Amino acid sequence: KPVLAVVGRPNVGKSMLVNRILGRREAVVQDLPGVTRDRVSYDATWNGREFVVVDTGGWISDAKGMAARIAEQAELAIDASDAVLFVVDATVGITDEDEAVVRVLRQSKKPVILAANKVDDQRTEAEASSMWNLGLGEPFGVSALHGRGSGDLLDAVLAVLPDAPERAEEEVGGPRRIAIVGKPNVGKSSLLNKLTGQQRSVVDNVAGTTVDPVDELVELGGELYRFIDTAGLRKRVKEASGHEYYASLRTQGAIERAEVCVVVLDASETISDQDLKILSMVEEAGKALVIAYNKWDLTDEERRRYLTREIEQDIQAFKWAPSVNISALSGRNVDKLKKAIDDALAGWETRITTGQLNSFLGRVAASHPHPVRGGKQPRILFGTEAQNCPPTFVLFTSGLLDPQYTRFVERRLREEFGFVGTPVRVEVKARE
Ligand code: GDP
């Protein structure tokens with residue numbers, strides 16, 4: 001789905017406008033200084049078209065160097081988007097901060113729609129026209145408060161939003177797309193350096209491939225891979241203000257664009273909720289997954305014993321993911337990542353024929369029939385792998401299945417067919 005970033009300085013009404021776009025009434029977001037939120041993107045639909053709204057309402061504002069800071073943060077959000085909705089306040093007029101954002105927008109060359117907000121009445125309408133001076137084309141006067149003009153605005157947004165992200169991901173047969181993700185300081189940048197250091201030079205001009213400037217092509221064992229959003233790892237984004245918020249935004253964007261994600265965990269430290277959240281993000285996005293336990297050089301025997309227990313408890317839900325114990329610093333086992341990545345991608349692409357699947361489903365039903373519920377016993381009539389990447393199965397049944405039974409079928413599918421390194425989806429279509 002294409003991504004729309006909503007940017008603008010604090011208090012111009014971005015949050016309210018995002019709510020308008022999402023068709024929600026409640027204030028989910030506030031322009032409070034220092035607010036960081038977990039979710040930064042939302043699914044939206046307009047006239048039957050689906051897109052993702054990246055909300056930058058969580059900007060941290062402080063008095064010093066505000067324009068520069070806002071520009072820096074806008075840059076990160078704009079990087080991750082396909083088009084930008086730039087929001088200004090018609091009642092205030094053009095400020096230095098607005099102009100700082102405009103400079104970033106110009107450089108990015110992404111399509112921009114300009115919304116002049118707080119046009120609540122006739123009088124402010126004239127003020128909205130003064131926003132022509134930003135040089136971004138026609139300003140759309142809107143009132144996020146009353147909903148005024150938001151339909152026209154969305155029509156304009158959709159007109160510039162590409163159907164599919166305008167990046168190279170649909171390139172069939174191009175280099176596989178890998179994202180290195182993980183919470184700050186686990187060693188992502190170090191790992192990337194190790195991987196790129198193992199080859200002589202980064203190829204940047206392969207015939208027939210387009211490279212997003214934030215990506216790097218890296219050769220591993222004679223094969224070319226595209227590492228997604230490495231600029232984020234190179235630029236030391238974590239030192240920027242609002243880093244947690246933007247780290248999370250970047251992580252989400254990188255996962256979205258990747259086919260396979262290498263989630264880096266720090267083996268020398270306790271597995272945290274943040275680690276688990278990133279693992280879940282990968283699974284929910286339906287991407288292939290490899291887990292790298294980094295900083296292995298810092299673990300002693302006791303820590304490793306404890307880690308084994310943590311993995312059994314917390315990582316159980318991801319035990320299908322291949323894992324490698326590495327040291328990005330010394331390079332230990334880093335060369336083993338390639339095989340884990342290839343295995344995960346193979347699992348992710350697996351196609352099971354309808355014949356194979358139904359013979360398997362027949363055996364499952366014979367050995368473990370669905371329990372009888374209220375005198376009825378739902379049966380699986382037929383199944384098919386509706387799509388791969390990740391493998392997604394649709395089961396046609398004579399009635400609703402217990403969620404527990406669906407999970408059982410999913411487990412059996414894994415036992416039967418492997419599906420190393422990939423989420424597996426099972427959908428049920430009940431014929432009542
Ligand atoms: P990022 O924030 O995930 O990109 O993490 P960095 O790559 O910047 O690494 C954070 C810190 O951990 C740096 O000081 C690295 O030198 C250190 N580090 C990374 N990998 C290893 C490792 O395998 N072993 C040890 N001992 N330190 C590491």
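Helices (H or I, at least four residues) and strands (E, at least two) are DSSP runs, numbered from the N terminus. This is a predicted model, in which local features need pLDDT of at least 70, side-chain atom pairs count only at pLDDT 80 or more, and totals for chains, interfaces and linings use all residues. Residues are numbered from 1 along each chain as its sequence is written. The protein has 13 helices and 15 strands, and 42% of its 432 residues count as buried (20 or more other C-beta atoms within 10 Å of a residue's own; exposed means 12 or fewer, partly exposed in between, with C-beta atoms placed from the backbone).

**Helix α7 and A231**

- Helix α7 spans residues 230–234 and contains A231.
- A231 is partly exposed, because 16 other C-beta atoms lie within 10 Å.
- The C-alpha atoms of A231 and S189 are 9.9 Å apart, although 42 residues separate the two along the chain.

**Surroundings of the ligand**

- The ligand is surrounded by 17 residues, of which G187, K188, S189, S190 and L329 are the closest; a residue counts as near if its C-beta atom, placed from the backbone, lies within 6 Å.
- Helix α6 (residues 188–197) contributes three residues, the most to this shell.
- The shell comprises six nonpolar, seven polar and four charged residues; Ala, Val, Leu, Ile, Met, Phe, Trp, Tyr, Cys and Pro count as nonpolar, Asp, Glu, Lys and Arg as charged, and the others, Gly among them, as polar.

**Nonpolar cores**

- A nonpolar core is a set of buried Ala, Val, Leu, Ile, Met, Phe, Trp, Tyr and Cys residues joined through C-beta atoms within 7 Å.
- The largest core has 53 residues, and V263 and V290 touch the most other members.
- This core draws at least three residues from each of domain 2 (171–348) and domain 3 (354–430), with bounds from an automatic or database domain assignment.
- A second, separate core of 46 residues includes I21, F86, V87 and A115.
- Leaving aside residues up to four places away in sequence, V290 touches V260, V262, A321, P322, L337, A340, I341, A344 and G421; contact requires C-beta atoms, placed from the backbone, within 7 Å.

- Six of the six residues of strand β5 (residues 112–117) are buried, so the strand is largely enclosed by the rest of the structure.
- On one side of β5, V112, L114 and A116 are buried, and on the other I113, A115 and N117 are buried.
- Strand β4 (residues 83–89) pairs with β5 in the parallel sense over six bridges; pairing requires at least two bridges found by DSSP.
- V84 stands opposite V112 of β5.

Note on methods
Contact = placed C-beta atoms within 7 Å.
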